[in-house]
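Here is a walk through a protein model, written for someone who likes to check atoms and angles. Have the viewer open while you read.

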Amino acid sequence: MQVRSILYTRREGHIGYAIRARRHTLGLTQTALAAMVGVRRNCIARHEALVSIAIDQPLVDRLALALETTPEVLWRLAAAAQLHAPRKKKAGRPHKIVPLS
């Protein structure tokens, strides 16, 4: 049984930010990048849309090679982008309004 190492992206920032930024810089489509890496376009789209929160190291290595950079640079870009990303508002119940007596 082969064991794959998993990097949880919440720790360092979501790598989807870096993938999208670098892909746009190189003028690649999601389909083209997916073909270069050997995955489906849906895989790239899920990471860029911040749906997938974990990614294995071999995929990060292939993405870095296709995006003409290193895995370390991708992670640094991800961490930097995370600092500037808009925060999602937490869904919750509306506050109860109590009349003053």
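Arg20 has a relative accessibility of 36%, so it counts as partly exposed, lying between the 20% and 50% cut-offs. This is a predicted model, by the way. Arg20 makes a salt bridge with Glu48, and the closest N and O atoms of the pair are 3.5 Å apart. Since Glu48 lies in helix α3 and Arg20 in helix α1, this pair ties together parts that are 28 residues apart in sequence.

Glu48 also forms a salt bridge with Arg23, where the closest N and O atoms are 2.7 Å apart. That pair again links distant parts of the chain, with Glu48 in helix α3 and Arg23 in helix α1, 25 residues apart. Put together, Arg20, Arg23 and Glu48 are linked in a network of salt bridges, and the count of salt bridges comes to 2. As background, side chains of opposite charge can pair when their charged atoms come close.

How buried is Glu48? Its relative accessible area is 3%, so Glu48 falls under the 20% cut-off and is buried. Arg23 is buried too.

**Gln30 joins in**

Glu48 has another partner: its side chain and that of Gln30 are joined by a polar contact of 2.8 Å. Gln30 sits in helix α2, residues 30-37. Leaving out residues up to four places away in sequence, Gln30 touches Arg23, Arg41, Ile44, Ala45 and Glu48. Gln30 is itself buried, because its relative accessible area of 16% is under 20%.

**Helix α1**

Helix α1 covers residues 15-26, which makes 12 residues; at 1.5 Å a residue it should span 16 Å, and its end C-alpha atoms are 17 Å apart, so the two agree. Which residues of α1 are buried? They are Ile15, Gly16, Ala18, Ile19, Arg22 and Arg23. Seen down the axis of α1, these fall within an arc of 160 degrees, so they line one face of the helix. His24 and Thr25 are exposed on the other side of α1. Just after α1 comes Gly27, with a positive phi of about 70 degrees.

**Helix α3**

In α3 the buried residues are Ile44, Ala45, His47 and Glu48. They cover an arc of only 165 degrees around the axis, which puts them on the same side of α3. What do they pack against? The buried residues of α3 pack against α1, α2, β2 and α4.

His47 is worth a click. It lies in helix α3, residues 41-48, and its relative accessibility of 5% is under the 20% cut-off, so His47 counts as buried. Not counting residues up to four places away in sequence, His47 touches His14, Gly16, Ile19, Ser52, Ala54, Ile55 and Leu59.

**Two backbone angles to look at**

Most residues other than glycine have a negative phi, and most peptide bonds are trans. Leu50 has a positive phi, near 65 degrees, and is a residue other than glycine. Glu68 is not a glycine either, yet has a positive phi of about 55 degrees; its place is the loop between α4 (57-66) and α5 (71-84).

What about their exposure? Leu50 counts as partly exposed because its relative accessibility is 29%, between 20% and 50%. Glu68, at 60% relative accessibility, is over 50% and so counts as exposed.

Here are the relative accessibilities side by side:

| Residue | Relative accessibility | Class |
|---|---|---|
| Glu48 | 3% | buried |
| His47 | 5% | buried |
| Gln30 | 16% | buried |
| Leu50 | 29% | partly exposed |
| Arg20 | 36% | partly exposed |
| Glu68 | 60% | exposed |

**The whole chain**

Zooming out, the protein has 5 helices and 2 strands, in the order β-α-α-α-β-α-α along the sequence. Of its 101 residues, 32% are buried. Among contacts between residues at least 6 apart in sequence, 66% join residues at least 24 apart. The accessible surface comes to about 7,600 Å², and 57% of that belongs to carbon and sulfur atoms.

Conventions: Residues numbered from 1 in each chain as written. Predicted model: local features only at pLDDT ≥ 70, side-chain atom pairs only at ≥ 80, totals over all residues. Heavy atoms only, no water. Helix = DSSP H or I, 4+ residues; strand = E, 2+ residues; numbered from the N terminus. Buried < 20%, exposed > 50% of the residue type's maximum accessible area, 1.4 Å probe, protein only. Polar contact = N/O pair within 3.5 Å; in protein donor to acceptor, adjacent residues only side chain to side chain. Contact = heavy atoms within 4.5 Å. Areas by Shrake-Rupley, 256 points an atom, 1.4 Å probe, with all protein chains shown as cover. Expected span 1.5 Å × (residues − 1). Arc of directions from axis to C-beta. Salt bridge = Lys/Arg side-chain N within 4 Å of Asp/Glu carboxyl O.
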